[in-house]
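Here are my notebook entries from a first look at this protein.

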Amino acid sequence: LKWTWAMNDGGANQPSPVVHDGIIYLTNTSHTMQALDGRTGDLIWEHAVGPEATRAYGATRATAIWGDKVYLSGTDARLHALDARTG
């Protein structure tokens with residue numbers, strides 16, 4: 001075991017991380033996307049796209065990467081696109 005990452009408290013979450021060029025993109029509760037260095041486990045960036053989840057405890061399951069964007073589907077029926085390098 002090289003490193004671990006703690007998920008945010010509160011709510012349920014069932015993410016499937018996406019790994020691209022050594023970066024792990026991970027959805028966390030309440031519409032939060034995180035980018036982690038796959039070698040060290042260090043947080044590169046974190047972005048809370050909002051709104052604060054009121055249904056399904058903020059669980060997100062769909063993450064994708066295309067070009068220079070990371071896509072996160074929210075429980076509010078919106079699709080969010082974030083810059084993969086900076087969030």
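**Surface.** I began with the accessible surface of the protein, which comes to about 5500 Å², 51% of it belonging to carbon and sulfur atoms. Accessible areas here come from the Shrake-Rupley method with a 1.4 Å probe, and for residues only the protein chains shown count as cover.

**Ground rules.** I noted that this is a predicted model, where local features need pLDDT of at least 70 and side-chain atom pairs count only at pLDDT 80 or more, while totals for chains, interfaces and linings use all residues. Residues are numbered from 1 along each chain as its sequence is written, and side-chain values use heavy atoms, with hydrogens and water left out.

**Burial.** I looked up how much is hidden: of the 87 residues, 37% count as buried. Buried means under 20% relative accessible area, exposed over 50%, and partly exposed in between (1.4 Å probe, protein chains only).

**Strands.** I found zero helices and seven strands. Both are DSSP runs numbered from the N terminus: helices are H or I with at least four residues, strands are E with at least two.

Which strands form an open sheet, and in what order? Four of them do, in the order 1-2-3-4, with antiparallel pairing. Two strands pair if DSSP finds at least two bridges between them. Strand 1 (18-20) and strand 4 (43-48) stand at the edges with a single partner strand each, so one side of each has no neighbour in the sheet. I also checked the pair of strand 3 and strand 4, which is antiparallel over five bridges.

**A48.** My next stop was A48, which lies in strand 4 and is the bridge partner of T32. Is A48 buried or exposed? A48 is exposed, with a relative accessible area of 57%. Leaving aside neighbours within four places in sequence, A48 is in contact with H31 and T32; contact means heavy atoms within 4.5 Å.

**Core.** Then I turned to the largest nonpolar core, 10 residues in all: I23, Y25, M33, A35, W45, V49, V70, L72, L82 and A84. Such a core is a set of buried Ala, Val, Leu, Ile, Met, Phe, Trp, Tyr and Cys residues joined through side-chain atoms within 4.5 Å. Strand 2 (23-28), strand 3 (32-37) and strand 6 (69-73) are the elements giving two or more residues to this core.

**L82.** Last, I listed what L82 touches, not counting residues up to four places away in sequence: M33, W45, H47, V49, D68, K69, V70 and G87.
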